[in-house]
Amino acid sequence: MRSRRVRWLKAVTHIGGLLPLAVLIWLYWQNRLGPVPIAAVIRRTGRYGLAFLILSLVPTVVRTVTGYSELLSVRRWLGLYAFLYAALHFLAFAGLDYGFSFGLIAQAIGEGRREIAGGVALLILGVLAVTSIRSLMVRLGKTWKRLHRGAYLAAALVVLHYLWNYKELRAWPILSGIALLLLLAARLPPIADRLRRLRGARP
Amino acid sequence: MRRIRSSEITPEHVYLNRRQIIIGLGALAASSALAACSSEPDATMPATQEPAGTAEVGAEATAPAATAGPDATAMAAQLQNELTPFESVANYINFYEFSLSKDRVADLARDFRTSPWELEVGGLVQNPKTFGLEDLLRFEQEERIYRMRCVEAWSMVIPWNGFPLSRLLAEVEPTSQAKYVYFETLYDPDQMPGLKSPVLDWPYVEGLRLDEAMHDLTILATGLYGEELPPQNGAPVRLVVPWKYGFKSIKSIVRIDLVEEMPVSSWMAASPREYGFYATVNPDVPHPRWSQASERIIGQGGRRETELFNGYGEQVAHLYNGMDLEKNF
């Protein structure tokens, strides 16, 4: 029973992970991304990346609150899709927008905290993606767990990157920041213990 | 996004091939060449009927080019980019009174009523006056092809139709007390759904120093691409100040006042550390959160390095002699 549900969860995750990319490629090819396709590609890949990053933090919290643990079987894939879209977002920035002109890219990063926050987040996600290989996960043991808490740091940096992208304060970056704070709060030991007790589990 | 039928779009090549004499920025083409032999800043100003060269303003362009016909091709060529397609100009717009999404503005502004329209000009003037659109169109309309550089690090090359603001100001006769010009956009919540958003204090206001306002490059635009201004682009009358970031070029103006004190613009009020009064395009002064060193070329793709004063330094640098542009951002 469990394995069948897990298979379904994985299927849904992969469809959800690849469909936005397929649609984006199709819209790009059809030239239906509005007056400035580059801007649309950058915007969409960035939003998908942040969405998957936040989703990847949900399974652990769901287990804490409800005891339901099967979502953990797709956590790795959610994180990998977050990295995929983050990497595409960076490639669109460096390639489509900057034409791989390294001087201009270096200047953009050197003079922009928006770019620095995004760049550091991408590096963290890269490390997490590489260390998500099962053999490394086993070998790293406790260190792996601590290392992968870096997902929260990456998510916080991505929210800042998103917030700093606009001239003014916008609703979506703020809402994603609130979602991240709630998920982080649920992981803090005193709160997590209370949540577990609420559903009658021993801490 | 409103999809524009292809029949509505002036194809760029057709537009550019008009053998029509265009008055305006022609002299800018020759400015880099002229600069070498002229110390008089006014000599490089775009005087009417001045023939345009085909020289590029690029760093390597030093030799004065033969004076080809002063047509749009030459004016666009010396801006180093093609004209931005009409579809991009009319569909990628920051006009927060309608929407925060650049590609939704055109749709939301479609039914914007621009007639009748009243532009009240007053304050420290001898001769306060209210202009209807027909009064504004009575000023001799010129075409000016300007690069518009947004503070968000993108740019377009747009053929505007309009007239120098100085001519309108001359009619109202500013008094000797007047030091600045204050501009205000229409505030109409019934027509402008974006006004519900609290991102800025409405109405949108802007300001220029009087000498900036009187500069010949500063125009009130009433059209673009030879057509009347589309509502989303700030119809029926907007400011265009090409050497400053786009947010200075206030749209759908209903009020102009001559004042003594420096006006506080909407963006200065929203975030004084990030947006200043002058807002001159400057690749060496980054926005606190992003670089201004280069800009995305809308329509054409690719990027270009941003130029000081958006490339209009020959004409306007003297306005800022002795000023620290890093402090007066």
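## Helix packing in chain A

Helix 10 of chain A and helix 11 of chain A are roughly perpendicular to each other, where angles under 35 degrees count as roughly parallel, over 145 as roughly antiparallel, 65 to 115 as roughly perpendicular and the rest as oblique. Helix 10 (residues 171-187) and helix 11 (residues 189-198) of chain A pack at an angle of about 80°, and their axes are 5 Å apart. Axes here are lines fitted to C-alpha atoms, for helices over the stretch in contact, and angles run from 0 to 180 degrees between N-to-C directions. Helix 10 of chain A contributes A:Ala185, A:Ala186 and A:Arg187 to the contact, and helix 11 of chain A contributes A:Ile191, A:Ala192 and A:Leu195. By class, the residues of this contact are 5 nonpolar, no polar and 1 charged. Ala, Val, Leu, Ile, Met, Phe, Trp, Tyr, Cys and Pro count as nonpolar, Asp, Glu, Lys and Arg as charged, and the others, Gly among them, as polar.

Helix 1 (residues 2-29) and helix 2 (residues 37-56) of chain A have axes that come within 11 Å and cross at roughly 175°. Helix 1 of chain A and helix 2 of chain A are therefore roughly antiparallel. In this pair, A:Pro20, A:Leu24 and A:Tyr28 of helix 1 of chain A meet A:Pro37, A:Val41, A:Arg44 and A:Tyr48 of helix 2 of chain A. The contact of helix 1 with helix 2 of chain A comprises 6 nonpolar, no polar and 1 charged residues. With helix 4 of chain A, the axis of helix 1 of chain A comes within 9 Å, and the crossing is at roughly 10°. That makes helix 1 of chain A roughly parallel to helix 4 of chain A. On the helix 1 side of chain A, the contact is made by A:Val6, A:Leu9, A:Lys10, A:Thr13, A:His14 and A:Gly17; on the helix 4 side of chain A, by A:Ser73, A:Val74, A:Trp77, A:Leu78 and A:Tyr81. The contact of helix 1 with helix 4 of chain A has 6 nonpolar, 4 polar and 1 charged residues.

## Model and numbering

This is a predicted model, in which local features need pLDDT of at least 70 and side-chain atom pairs count only at pLDDT 80 or more, while totals for chains, interfaces and linings use all residues. Residues are numbered from 1 along each chain as its sequence is written, and chains are lettered from A and ligands numbered from 1 in the order in which they are written. Helices (H or I, at least four residues) and strands (E, at least two) are DSSP runs, numbered from the N terminus.

## Nonpolar core

The largest nonpolar core has 112 residues, of which A:Ala82, A:Leu125, A:Ala154 and A:Val158 touch the most other members. A nonpolar core is a set of buried Ala, Val, Leu, Ile, Met, Phe, Trp, Tyr and Cys residues joined through C-beta atoms within 7 Å. Helix 4 (residues 72-97) of chain A supplies the largest share of this core, 12 residues.

Leaving aside neighbours within four places in sequence, A:Ala154 is in contact with A:Leu53, A:Ala121, A:Ile124 and A:Leu125. Two residues are in contact if their C-beta atoms, placed from the backbone, lie within 7 Å.

## Chain B: strands and sheet

Chain B has 10 helices and 12 strands. Of its 329 residues, 50% count as buried; a residue is buried if 20 or more other C-beta atoms lie within 10 Å of its own, exposed if 12 or fewer, and partly exposed in between, with C-beta atoms placed from the backbone. Among contacts in chain B between residues at least 6 apart in sequence, 67% join residues at least 24 apart.

In chain B, 5 strands form an open sheet of mixed pairing, in the order 2-1-10-5-6. Two strands pair if DSSP finds at least two bridges between them. Strand 2 (129-132) and strand 6 (205-209) of chain B are the edge strands, each pairing on one side only. On average, neighbouring strands of this sheet are turned by 15° against each other, direction ignored. Strand 1 (residues 118-123) and strand 10 (residues 253-259) of chain B pair in the parallel sense over 4 bridges, and B:Val121 stands opposite B:Ile256 in strand 10 of chain B.

Strand 4 (residues 154-164) of chain B runs parallel to strand 11 (residues 294-297) of chain B, joined by 2 bridges. B:Arg296 in strand 11 of chain B is the bridge partner of B:Trp154, and B:Arg303 in strand 12 of chain B is the bridge partner of B:Arg296. Strand 11 and strand 12 (residues 303-305) of chain B pair in the antiparallel sense over 3 bridges. These two strands of chain B form a hairpin with 5 residues between them, and B:Gly299 in the turn has a positive phi of about 95°.

## Interface between the chains

Chain A places 19 residues in contact with 22 residues of chain B. On the chain A side, helix 5 (102-111) and helix 6 (113-130) are the elements that give two or more residues. Helix 5 of chain A gives the most, with 4 residues. The side of chain A that touches chain B divides into 8 nonpolar, 4 polar and 7 charged residues.
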